Amino acid sequence: MTNANKAISPANGPIAVTGSSGYIGSWIVRDCVEQGYTVRACVRDIGNGDKVNHLLSMNDQGLRGEVELHYGDLFKPGSYDVAFRGCSAVIHAGAAVGYNRETPQEVYDGCFTEVEHVLESAIKGGALRRFVFTSSFAAVGHPRPPGYVFTEKDWCGDNIEAYNGRWTEEMIPQNRDIAYAMAKANTERMIYRRAEEDGSFEAMAILPLHVIGPLMCRNHDQGWSWQNCIRFMLAGKDYSKNQGGRMLWNITDVRDVARAHRLCAESTIARNGSRYILSASDRSGELFTWQLQNMLQKLFPHVGEIGGEEMDGDKPLQQTYESPRAYCLLARQELGLETCPVEDSVRATGDSYFKLGLL
């Protein structure tokens with residue numbers, strides 16, 4: 001089959017999305033429904049209204065496609081068999097990883113082993129053309145000098161010497177960050193290899209960086225997520241994921257990330273092994289914490305105090321290491337992705353928190 005034959009459209013039948021109740025997964029579902037797809041939205045807590053009502057409500061909004069809720073559990077092999085039957089594409093946005101609750105080994109197994117369960121069910125479905133995996137920029141990033149621009153040609157295992165030889169399989173049980181990054185990278189390689197060996201479908205990946213944008217429901221406010229950090233800054237609390245609040249935010253909008261997944265499945269240019277970084281479109285989307293703080297103050301003038309990083313008057317107390325720099329140029333070139341301006345993403349994030357009563 002050629003690439004053009006493996007590209008999908010609503011005419012090829014239903015598609016499935018794992019992790020559909022999640023922040024990115026929900027926006028993938030909505031984007032696909034808007035484009036006329038029947039989406040089998042796979043969730044573990046199918047009876048939990050707090051997690052699925054926003055998905056079901058899409059069927060009452062006059063959108064071109066429709067949502068069907070299906071059960072699926074990453075930890076249970078075969079649990080996606082019914083949902084994936086006859087699906088032309090599976091978008092695997094589900095992740096067994098929460099925030100700081102698992103051991104490093106559980107992080108690795110959750111990102112890697114469970115994907116094999118999903119892929120087996122997808123192939124078993126009998127109609128698979130495209131398998132799109134939500135990877136992470138963690139599968140790309142590695143130590144480089146300040147200002148280095150990462151591209152899709154980079155892998156997290158590059159430049160091993162900078163880790164004093166620590167970037168090895170043996171370090172997985174000991175280091176959560178290494179476990180997560182290696183799991184995403186090894187998962188990508190595994191699905192590309194399986195697709196090449198099978199020959200009937202193609203696999204590709206989306207690699208998001210700092211994802212923010214509007215939340216659909218209160219459940220999307222996951223602790224320590226990037227959107228959650230925006231919430232705490234708007235609540236007057238300093239950004240605390242990095243020492244002194246210092247970080248270079250490389251911002252991508254959750255709606256752009258969602259569109260990129262669908263465009264991947266539809267693309268006649270993307271091929272097996274294609275991977276797309278979803279990050280800032282240009283330098284305007286790369287903001288040091290103090291710059292993001294200033295933007296929040298401008299966009300939300302009614303908020304009394306906005307947190308950020310350690311400052312010395314109107315200047316940062318210390319310089320921030322200039323990384324990660326990366327741009328979603330390939331996604332724009334090959335997928336035709338059009339991106340939201342960063343101010344729109346920041347504003348929509350804050351607005352949704354106020355609308356949901358979380359601020």
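Which residues of strand 1 are buried on one side, and which on the other? Here are my notes; keep in mind that this is a predicted model.

1. **Strand 1, both faces.** Let's start with that question. Strand 1 covers residues 15–18, and both of its faces are covered. Ile15 and Val17 are buried on one side, while Ala16 and Thr18 are buried on the other.

2. Strand 1 pairs with strand 2 (residues 38–43) in the parallel sense, over 3 bridges. Look for Val17 here: it stands opposite Ala41 in strand 2. Strand 1 also runs parallel to strand 4 (residues 89–92), and 4 bridges join the two. For that pairing, find Ile15, whose bridge partner in strand 4 is Ala89.

3. **A β-α-β unit.** Now follow the chain from strand 1 through helix 2 (residues 23–34) to strand 2. Together these three elements make a right-handed β-α-β unit.

4. **The nonpolar core.** The largest nonpolar core has 44 residues, and Phe84, Val90, Phe131 and Ile191 are the ones that touch the most other members. Helix 4 (81–84), helix 5, strand 5 (130–134), helix 6 (176–198) and strand 7 (202–208) each supply at least two residues of this core. Helix 6 gives the most, with 10 residues.

5. **A cavity.** The count comes to 1 cavity of 30 Å³ or more. The volume of the largest cavity is about 50 Å³. Its lining is made of 11 residues, and Gly94, Ala95, Gly110, Cys111 and Val115 lie nearest the centre. Helix 5 (residues 104–124) provides the largest share of that lining, 4 residues. Sorted by class, the lining has 6 nonpolar, 3 polar and 2 charged residues.

6. **Two backbone spots to check.** Some background first: most residues other than glycine have a negative phi, and most peptide bonds are trans. Now look at Trp224, which is not a glycine but has a positive phi of about 70 degrees. You'll find Trp224 in the loop between strand 8 (210–212) and helix 7 (226–234). Is Trp224 buried, partly exposed or exposed? Its relative accessible area is 38%, so Trp224 counts as partly exposed, since that class lies between 20% and 50%. The other spot is the peptide bond joining Ser323 and Pro324, which is cis, with omega about 5 degrees. Pro324 sits in the loop between strand 13 (315–316) and strand 14 (325–326).

Terms used:
Residues are numbered from 1 along each chain as its sequence is written. This is a predicted model: local features need pLDDT of at least 70, side-chain atom pairs count only at pLDDT 80 or more; totals for chains, interfaces and linings use all residues. Side-chain values use heavy atoms; hydrogens and water are left out. Buried means under 20% relative accessible area, exposed over 50%, partly exposed in between (1.4 Å probe, protein chains only). Two strands pair if DSSP finds at least two bridges between them. A crossover is right-handed if, with the strands pointing away from the viewer, the path from the first strand over the helix to the second runs clockwise. On a 1 Å grid over the protein atoms alone, a cavity is a set of points where a 1.4 Å probe fits but cannot get out, and a pocket is an open set with protein on both sides within 12 Å along at least five of seven lines; lining residues have an atom within 4 Å of a point. Grid points are joined across faces, edges and corners, and a volume is the space filled by probe spheres set on the points. Ala, Val, Leu, Ile, Met, Phe, Trp, Tyr, Cys and Pro count as nonpolar, Asp, Glu, Lys and Arg as charged, and the others, Gly among them, as polar. A nonpolar core is a set of buried Ala, Val, Leu, Ile, Met, Phe, Trp, Tyr and Cys residues joined through side-chain atoms within 4.5 Å.
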